[in-house]
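Trainee: Please show me how to read the side-chain features of a model.
Mentor: Gladly; have the sequence and the structure open.

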Amino acid sequence: QRDWSASQDSLQAVKALYGSNEVTPWQVSLLELDYRLLTAEDREAARATAVSYLKQVEKAHSQDPQLWAPLARFYERLDLFEESDRCLEQLMERLPESAVSYLTRAEILTGRQEYEAAWATLETGIQTLSSGPERQ
């Protein structure tokens with residue numbers, strides 16, 4: 001039996017920052033969800049709850065472009081590849097000239113062992129970022 005008290009204390013400390021400039025509400029929600037998944041006794045029930053919870057977070061905070069990278073990673077960890085891909089599309093649409101967009105996509109593709117696609121993503125990112133409007 002693992003002692004989760006330190007994790008519980010840390011989660012409470014983060015929750016205390018809720019609404020501050022240091023942490024966004026969706027970051028707190030994702031941290032809490034991650035904690036619930038780690039401590040769940042019934043993994044399948046927790047997974048089903050997680051999917052529902054992720055949809056709520058997405059609906060409530062979809063306007064924040066920073067949400068889409070961690071959301072894509074979360075769906076990927078739950079083996080919900082179509083959802084992860086959908087989030088990656090949102091990320092690329094909202095942050096087309098951000099290194100985070102290309103790195104997140106490449107990370108997920110690498111996890112799927114789609115190495116050529118990951119490499120192509122990185123190459124596209126390098127070209128896009130090195131020829132951005134500020135460099136022309």
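Predicted model: local features only at pLDDT ≥ 70, side-chain atom pairs only at ≥ 80, totals over all residues.

Mentor: Residues are numbered from 1 along each chain as its sequence is written, and side-chain values use heavy atoms, with hydrogens and water left out.

Trainee: How many salt bridges does the count come to?
Mentor: Side chains of opposite charge can pair when their charged atoms come close. The rule here asks for a side-chain nitrogen of Lys or Arg within 4 Å of a carboxyl oxygen of Asp or Glu. The count comes to eight salt bridges.

Trainee: Which parts does the pair of arginine 86 and glutamate 58 tie together?
Mentor: Start with the distance: N to O is 2.6 Å in this salt bridge between arginine 86 and glutamate 58. Arginine 86 belongs to helix 5 (residues 81-94) and glutamate 58 to helix 3 (residues 43-61), so the pair ties together parts 28 residues apart in sequence. Helices here are DSSP runs of H or I, at least four residues, numbered from the N terminus.

Trainee: What else does arginine 86 pair with?
Mentor: Glutamate 83 forms a salt bridge with arginine 86, with the closest N and O atoms 2.5 Å apart. Both residues lie in helix 5, three residues apart, about one turn of the helix. Glutamate 83 is partly exposed, at 22%.

Trainee: Where does arginine 112 lie, and what does its pair tie together?
Mentor: Arginine 112 meets aspartate 85 in a salt bridge, 2.9 Å from N to O. Arginine 112 lies in the loop between helix 6 (99-111) and helix 7 (115-130), and aspartate 85 in helix 5, so the pair ties together parts 27 residues apart in sequence. Aspartate 85 is partly exposed, at 29%. As for shared partners, salt bridges join Lys55, Glu58, Glu83 and Arg86 into one network.

Trainee: What does serine 84 touch?
Mentor: Contact means heavy atoms within 4.5 Å. Leaving out residues up to four places away in sequence, serine 84 touches Ala72, Tyr75, Glu76, Ile108 and Arg112. Serine 84 lies in helix 5 and counts as buried, at 0% relative accessibility.

Trainee: How many residues does the largest nonpolar core have?
Mentor: In soluble globular proteins, nonpolar side chains tend to be buried together. A nonpolar core is a set of buried Ala, Val, Leu, Ile, Met, Phe, Trp, Tyr and Cys residues joined through side-chain atoms within 4.5 Å. The largest has 23 residues, and those with the most contacts inside it are Leu33, Leu37, Leu54, Leu71 and Phe74. Helix 2 (25-39), helix 3, helix 4 (68-77) and helix 5 each give two or more residues to this core. Helix 4 supplies the largest share, six residues.

Trainee: Which charged end sits over the ring of phenylalanine 74?
Mentor: The test is NZ of Lys or CZ of Arg within 6 Å of the ring centre and within 35 degrees of the ring normal. Arginine 77 sits over phenylalanine 74, 4.6 Å from the ring centre. Arginine 36 sits over tyrosine 53 at 5.6 Å.

Trainee: Where is glutamine 113 found?
Mentor: Glutamine 113 lies in the loop between helix 6 and helix 7. Its phi is near 65°, positive in a residue other than glycine.

Methods: Buried < 20%, exposed > 50% of the residue type's maximum accessible area, 1.4 Å probe, protein only.
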